[in-house]
Amino acid sequence: MKPLVLSLALVAAFQTGSKPQAGDVCPYCKNDPALMSAAGVVSHGPFALADKDSAEIVAKLPTSQWIFLETAHLRWASSLGDDAVDQRDKERVAAELERLRAKLPAVPAKPKRLDPWLRLHLMALKGEEFYARFQALLRVTDADFPAERRASGPYMGAGKFLGEKDKFEVVVHTTRDNHKRFTSSFSGVLVNDSFRWHFPGLHKLIVSVPAEDADLREDRWLWPHVVHNLAHVMFAAYKHFAYYPPVWMDEGLAVALEKEAHYESLTGEGEEGSLRDSKGPSDFGAAALKLVASDKAPRLAELSACHEFGELGIDGIVSAWSMTRFLIDEHGDEYARLLAGIKGQLDDKGMQSGADLPGLQRRLFQELWGWSAADFDTAWRAWVKAPKAAK
Ligand SMILES: [Zn+2]
Ligand SMILES: [Zn+2]
């Protein structure tokens, strides 16, 4: 099963379940429009979500509580319960809560546990921070994306959200059962692990996460996993989703941003979607250096020939991550233009086209840097071997 399937497959009937719950009021926003607007909260629901709405999710996916939050660029649905703050995460959580408390004074400074509303508010806060990070990486702002495709000027897609018409959505389930029922209701397929989907008619992308297993139940691992998936859907959305970018570039970017969120986190892509995977080396920097020093690192040309995640292998993922870090850290402006070029290819009729991406990639490396694939390998390897501050 490929993520982000373009056409709708047969859609499974959405089972009916429990009754809608009584509307709970957020203890931090308190339904106060001034507080909500200060905190960047557009709504706590109800609102449209996936191909349905939040009320239908409450009615048909039984759990102890569903809560919702919409910000400027994202919509969230969460059935997460409480989470104890791990000793190792105290400082990070305190800093995050401080950013939230600057907008919402009722947020506690050092709680031992995070309640469901706080967990959702923190995800929403970090979600917008991540959106800003992603836009900075692309060297774009909201102003670059018109609501409709422009007749002239650079091609930027078809909508305000990186090129899509609607906001990015993330649904976090406490049970795999609900995740399966939810995703099959619009995709027609049953998936075990995190799932990404593009709704062609609605022009938006969604991530559904089953936070049931130990590795995704806690925020410390859940968040970087969400970041990995958001990086994929945001890159897919850039200039409107029409075809898959080269897998090394897509995975390199997702892993780079995931590791910015937590250096030890690594999300692999399963048969059906994506899952957290603990099999990779704990220190990617050391692993990349080892590959380069022993001359076992794959060449860019080899990575570019991979069409599926599975073809990359762990050495390929480490290398794709390191090559991406090299481009972000040393050639950020050109890297932004590389991503723009890869995602914005039009054919001679002005339609989006994923034709000959290896050729397009070759031309872009030549145009932006004057590099052949072999020149890139040389530059990247030298960078990997050069002493640098730990990342
Ligand atoms: Zn709130
Ligand atoms: Zn991935």
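Student: Which residues coordinate the zinc ion (ligand 2), and what makes them donors?

Tutor: His228 (NE2), His232 (NE2), Glu251 (OE), Glu251 (OE) and Glu269 (OE) coordinate the zinc ion (ligand 2), at 1.9 to 2.8 Å. Donors are N, O and S atoms within 2.8 Å of the metal (3.2 Å for Na, K and Ca), and water is not among the atoms, so sites may look incomplete. This is a predicted model, in which local features need pLDDT of at least 70 and side-chain atom pairs count only at pLDDT 80 or more, while totals for chains, interfaces and linings use all residues; side-chain values use heavy atoms, leaving out hydrogens and water. Residues are numbered from 1 along each chain as its sequence is written, and chains are lettered from A and ligands numbered from 1 in the order in which they are written.

Student: How are the donor residues of the zinc ion (ligand 2) spaced in sequence?

Tutor: The spacing is H-x3-H-x18-E-x17-E. Glu251 belongs to helix α8 (residues 247–261) and Glu269 to strand β10 (residues 267–269), 18 residues apart, and the pair links distant parts of the chain. Helices (H or I, at least four residues) and strands (E, at least two) are DSSP runs, numbered from the N terminus.

Student: Why are α12 and α13 called roughly antiparallel?

Tutor: The axes of helix α12 (residues 332–343) and helix α13 (residues 357–369) come within 10 Å and cross at roughly 150°. Axes are lines fitted to C-alpha atoms, for helices over the stretch in contact, and angles run from 0 to 180 degrees between N-to-C directions. Angles under 35 degrees count as roughly parallel, over 145 as roughly antiparallel, 65 to 115 as roughly perpendicular and the rest as oblique. Therefore α12 and α13 are roughly antiparallel to each other.

Student: Which residues of α12 and α13 make the contact?

Tutor: Contact means heavy atoms within 4.5 Å. Among them are Leu338 and Ile342 of α12, with Leu364 and Phe365 of α13. By class, this contact of α12 with α13 has 9 nonpolar, 2 polar and 2 charged residues. Ala, Val, Leu, Ile, Met, Phe, Trp, Tyr, Cys and Pro count as nonpolar, Asp, Glu, Lys and Arg as charged, and the others, Gly among them, as polar.

Student: What makes α4 oblique to α8?

Tutor: α4 and α8 pack at an angle of about 135°, with their axes 12 Å apart. That angle makes α4 oblique to α8. Their contact includes Phe130 and Phe134 of α4 and Leu253 and Leu257 of α8. The residues of this contact of α4 with α8 divide into 5 nonpolar, no polar and 2 charged.

Student: What makes β3 and β8 edge strands?

Tutor: In the open sheet, 5 strands stand in the order β3-β4-β7-β9-β8, with mixed pairing. Two strands pair if DSSP finds at least two bridges between them. β3 (67–70) and β8 (195–199) each pair on one side only. From one strand to the next, the twist averages 15°.

Student: How do you know that β3 and β4 pair?

Tutor: Strand β4 (residues 74–78) and β3 share 4 bridges, in the antiparallel sense.
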